[in-house]
Amino acid sequence: MARAQFNDSTYHRFLLGVSGSINKANASTAYLLNNSLGFSVKKKDFVLNSSNTWIYGRQNDQLTNNDYSSTLNFNLYKTLPHFYYWGLTNYNTSVSLKINNQLLAGVGIAYSILDRPNAYFNISNGVLYDRSNLLANLNYNTWRNSLRVQFHFAIKELVTLDGGNFLQSAYNNGDDYIIRSNTTLGIKLRKWISLTSSLTYNKMNITGSDNLIFTYGVSLDKYF
């Protein structure tokens, strides 16, 4: 969450996204639903973010996606300008990535190279503890380095481009890494409602699985 997106009189943010895709040709049918819900609270030097996403998909009556992710994170602005500390807890379960349960928790630091309302570019790094149960009934614990690149660009408050890209590598195994990437293009119809298209890529190398998801829909973004 870009700190610059909040002004002095804004303390809460509510974000709802509903998108999907349907493909039907001859006897073949595929559909995908991508739903998200987010809420943020800002204090003077502190931002708390909560986000939840659920992706569900089927192809020819076969389940392809039933992927849920819930994240609670905070940013603490107590040091130099454009620099802050962060901490998070993230829970995932995913059919497409072959994850029964995954809990990630950690802390780190971040620096905003750009930090304006219409242009935000941020790099962060930190340490995460990963406790997972995979679909192959493999239980394991590991420590990961978490590198993130995040951006937000707006053109005349009509078109927005947002992205978050993560590389989370295990310290003890170079073949154990996670890639998470999401880029969203929004076209505002009203101040609080936008048409959106989203491209998401996830890869969990230890399970040999990945997914690439393109959806389109609407989002509601309300400050109060």
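**Close-up views of a predicted model**

**View 1. The second largest pocket and its central residues.** In this predicted model, 15 residues line the second largest pocket. Ser 21, Ala 30, Tyr 31, Leu 32 and Asn 65 lie nearest the centre of this pocket. The pocket volume is about 240 Å³.

**View 2. Strands around the second largest pocket.** Five strands each supply at least two lining residues: E1 (12-25), E2 (28-42), E3 (46-59), E4 (62-76) and E12 (209-223). Strand E12 gives the most, with four residues. By class, the lining has eight nonpolar residues.

**View 3. A nonpolar surface patch.** Val 18, Ile 187, Leu 189, Leu 195 and Val 218 make a nonpolar surface patch. The patch covers about 390 Å². One of its members, Ile 187, sits in strand E10, residues 177-188. Ile 187 counts as partly exposed because its relative accessibility is 43%, and partly exposed lies between the buried limit of under 20% and the exposed limit of over 50%.

**View 4. Asn 118 in its loop.** Asn 118 belongs to the loop between strand E6 (99-116) and strand E7 (119-134). Its relative accessible area is 42%, so Asn 118 is partly exposed. In sequence, Asn 118 and Leu 185 are 67 residues apart. In space, their C-alpha atoms are 14 Å apart.

Note on methods:
Residues are numbered from 1 along each chain as its sequence is written. This is a predicted model: local features need pLDDT of at least 70, side-chain atom pairs count only at pLDDT 80 or more; totals for chains, interfaces and linings use all residues. Side-chain values use heavy atoms; hydrogens and water are left out. On a 1 Å grid over the protein atoms alone, a cavity is a set of points where a 1.4 Å probe fits but cannot get out, and a pocket is an open set with protein on both sides within 12 Å along at least five of seven lines; lining residues have an atom within 4 Å of a point. Grid points are joined across faces, edges and corners, and a volume is the space filled by probe spheres set on the points. Ala, Val, Leu, Ile, Met, Phe, Trp, Tyr, Cys and Pro count as nonpolar, Asp, Glu, Lys and Arg as charged, and the others, Gly among them, as polar. Patches are made of residues with over 30% relative accessible area and no salt bridge: like charges are joined within 9 Å, nonpolar side chains (Val, Leu, Ile, Met, Phe, Trp, Tyr) within 5 Å. Accessible areas come from the Shrake-Rupley method with a 1.4 Å probe; for residues, only the protein chains shown count as cover. A salt bridge is a side-chain nitrogen of Lys or Arg within 4 Å of a carboxyl oxygen of Asp or Glu. Buried means under 20% relative accessible area, exposed over 50%, partly exposed in between (1.4 Å probe, protein chains only).
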